[in-house]
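Subject: The structure you asked about

Hi,

Have a look first, then read my notes below.

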Amino acid sequence: MAYTSANQLELLQTAEAVAREKNIDPSLVVEAMEESLARAAKSRYGAEMDIRVSIDRKTGRATFTRVRSVVEDEELENYQAEFTAQQAKPYFEQPKAGSRWLREGAEVTDFAGLPMVGDTFVEEVPPVELGRIAAQSAKQVILQKVREAERDKQYEEFKDRAGTIINALVKREEYGNVIVDVGAGEAVLRRNEKIGREAYRPNDRIRCYIKDVRREQRGPQIFLSRTAPEFMAELFKMEVPEIYEGIIEIKAVARDPGSRAKIAVISYDNSIDPVGACVGMRGSRVQAVVNELQGEKIDIIPWNEDMPTFLVNALQPAEVSKVVLDEEAGKIEVVVPDEQLSLAIGRRGQNVRLASQLTGLDIDILTEEEESKRRQAEFEERTKLFMDTLDLDEFFAQLLVSEGFTNLEEVAYVELDELLVIEGVDEGTAEELQARARDYLEAEAAKAMEAARALGVEDSLVNFEGLTPQMLEALGKDDVKTLEDFATCADWELAGGWTTVNGERVKDEGVLEPFDVSLEEAQEMIMTARVMLGWVDPADLEAETEDEDPAEEGEV
């Protein structure tokens, strides 16, 4: 039965008018109208009934229908919207005018037997005259649906634009946050995403980077930024055609917003200088970016796969004398001339901080004088070690250190020929040196084993391959006394590692770190202990290794 209390075409005209005003699909408004009419009908016929309304998209005719589904006897709960096959039989055998049966979405034409579970019976019901309250409720439903449609449209429009630059119009400032108009809605530039010295007035035009787009209950939230490193990268992409075309790539960006920045670039065309292309004729390209960023000074650096070389470039304008890289610890040591120290560190540590962000490494800067003193201290320490343990005079101990020997293990187990190259050392002397070194190491090992036993270290751990007596003593002091204790350790507890706390890398000391046990070696020892205890099936480990092999081969 049709809804005829109002002009039928008026529904469609209203829907089209609202859709044009809100710039959304008219069908979404019609669906909202259908839902609002269905709610009004339920308030008259009963909330438990499944009342649906369908508005013809051409004529505006609204049809009200009641829907009931056939369910199993024991599943019958809602008598207004469900019935059993037996209860549905009369409606099935003699369908009423204006009603129909649906099975799997298609209309039923064969009415022999009983209806099947899952069949749906649809019958028209009289339309509902909307009273004042029902009309107000219907209006609220339509407005809500329209708002949701607007939000969905805005989210769909902006979700794929995250990571790009947008031109916005300043509307107002709230608690330091700037609210801007981005065309299809509003976005927010938070206080911490503004460049420090910037101040905005209503109707100012600004460029921002779309940092994030989130779908939230109150609608999509668009978060902008002018301090993000990616903002600078996108600005260069706009100013430098070679970057846009992929000939030059921006590998890394580090910023101290509003003050200084470093950007690392590489060219995939040998005929194009990446730094020169980014600077532009008389600095025109980089100056355009500097102006947009309120005078932020920009160092453009050539990127290099060799990390020490890249770091030397990153520390410009300071000159670097020497670089020592510790990849496992993620640290790099830089030696600079004494007069270059303040330049390398920069004002308030700015230069070294930006270089650290650019390379992803912790940087320690030493002057040549400091590095010389440290090397001298190490030389004297090793000389004293050999004098005390091998009963050598100072001159002979210094000879060993000068030849590159750093510890007793090297002296004790090195090939004899490597000792014979030392001036004044013959075969007998070399053998005597090695005998003294081995005797000392064996005595220390026996002492360490005795200490480990006194600490309660058990045979299960003592007999584990790969652990020296000194290691056993260190484990015993850390309350690791059995193979079970050892198997429950984490790799970083043994080998040490680094964690990030409040944005800073913090060192975690490992029990076996003084013995130069790497993270991989610690993982292997722990897994071996777990296999020995039966906690892990070796077959599972082999399967995991086989699964990883293809990927590793692909990477190579």
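Let me start with a question: does Asn203 count as buried or exposed, and what is its relative accessibility? Asn203 counts as exposed, at 58% relative accessibility. Before you go any further, keep in mind that this is a predicted model.

**The whole chain**

The protein chain contains 22 helices and 20 strands. It has 556 residues, and 39% of them count as buried. If you take the contacts between residues at least 6 apart in sequence, 53% join residues at least 24 apart.

Now go back to Asn203, which sits in the loop between β10 (186-189) and β11 (205-216). Its phi is near 75°, a positive value in a residue other than glycine.

Tyr175 is another one to click on. Its phi is positive too, near 55°, and Tyr175 is not a glycine. You will find Tyr175 in the loop between β8 (165-174) and β9 (177-181). Tyr175 is exposed, with a relative accessible area of 75%.

Then there is a cis peptide bond, running from Gln316 to Pro317, with omega near 15°. Pro317 lies in the loop that links α9 (307-314) to β16 (322-326).

**Helix α16**

How many residues does α16 have, and how far does it reach? This helix covers residues 427-454, which is 28 residues, and it reaches 41 Å from its first C-alpha to its last. That is close to the 40 Å expected at 1.5 Å a residue. After α16 comes Gly456, with a positive phi near 100°.

Which residues of α16 are buried? They are Ala430, Leu433, Gln434, Ala437, Leu441, Ala445, Ala448 and Ala452. Look at the numbers in that list with this in mind: an α-helix has 3.6 residues a turn, so residues three or four places apart point the same way. What covers the buried residues of α16 includes α12 (368-390), α13 (394-402), α14 (408-413), α15 (416-420) and α18 (469-477).

The axes of α16 and α18 come within 8 Å and cross at roughly 25°. Angles under 35 degrees count as roughly parallel, and that makes α16 roughly parallel to α18. The crossing of α16 past α18 is left-handed. On the α16 side, the contact is made by Glu444, Ala445, Ala448, Met449, Ala451 and Ala452, and on the α18 side by Pro469, Gln470, Leu472 and Glu473. Sorted by class, this contact of α16 with α18 has 7 nonpolar, 1 polar and 2 charged residues. Ala445, Ala448 and Ala452 are also among the buried residues of α16.

**Two more helix pairs**

Two packed helices are described by the angle between their axes and the distance between the axes. Phe231, Met232, Leu235, Phe236 and Glu239 from α5 meet Arg285, Val286, Ala288, Val289 and Glu292 from α8. By class, the contact of α5 with α8 has 7 nonpolar, no polar and 3 charged residues.

The other pair is α9 and α11 (residues 350-359), which pack at an angle of about 145° with their axes 9 Å apart. The crossing of α9 and α11 is right-handed. Here Met307, Phe310, Leu311 and Ala314 in α9 meet Asn351, Ala355, Leu358 and Thr359 in α11. The classes for the contact of α9 with α11 are 6 nonpolar, 2 polar and no charged residues.

**One last residue**

Finally, find Thr499 in strand β19 (residues 497-501). Thr499 counts as partly exposed, at 33% relative accessibility. What does Thr499 touch, not counting residues up to four places away in sequence? The answer is Glu504, Arg505, Val506 and Asp508.

Happy clicking!

Notes:
Residues are numbered from 1 along each chain as its sequence is written. This is a predicted model: local features need pLDDT of at least 70, side-chain atom pairs count only at pLDDT 80 or more; totals for chains, interfaces and linings use all residues. Side-chain values use heavy atoms; hydrogens and water are left out. Helices (H or I, at least four residues) and strands (E, at least two) are DSSP runs, numbered from the N terminus. The expected span of a helix is 1.5 Å times one less than its number of residues. Buried means under 20% relative accessible area, exposed over 50%, partly exposed in between (1.4 Å probe, protein chains only). Contact means heavy atoms within 4.5 Å. Ala, Val, Leu, Ile, Met, Phe, Trp, Tyr, Cys and Pro count as nonpolar, Asp, Glu, Lys and Arg as charged, and the others, Gly among them, as polar. Axes are lines fitted to C-alpha atoms, for helices over the stretch in contact, and angles run from 0 to 180 degrees between N-to-C directions. Angles under 35 degrees count as roughly parallel, over 145 as roughly antiparallel, 65 to 115 as roughly perpendicular and the rest as oblique. A crossing is left-handed if the near helix is turned anticlockwise from the far one by less than a right angle, and right-handed if clockwise.
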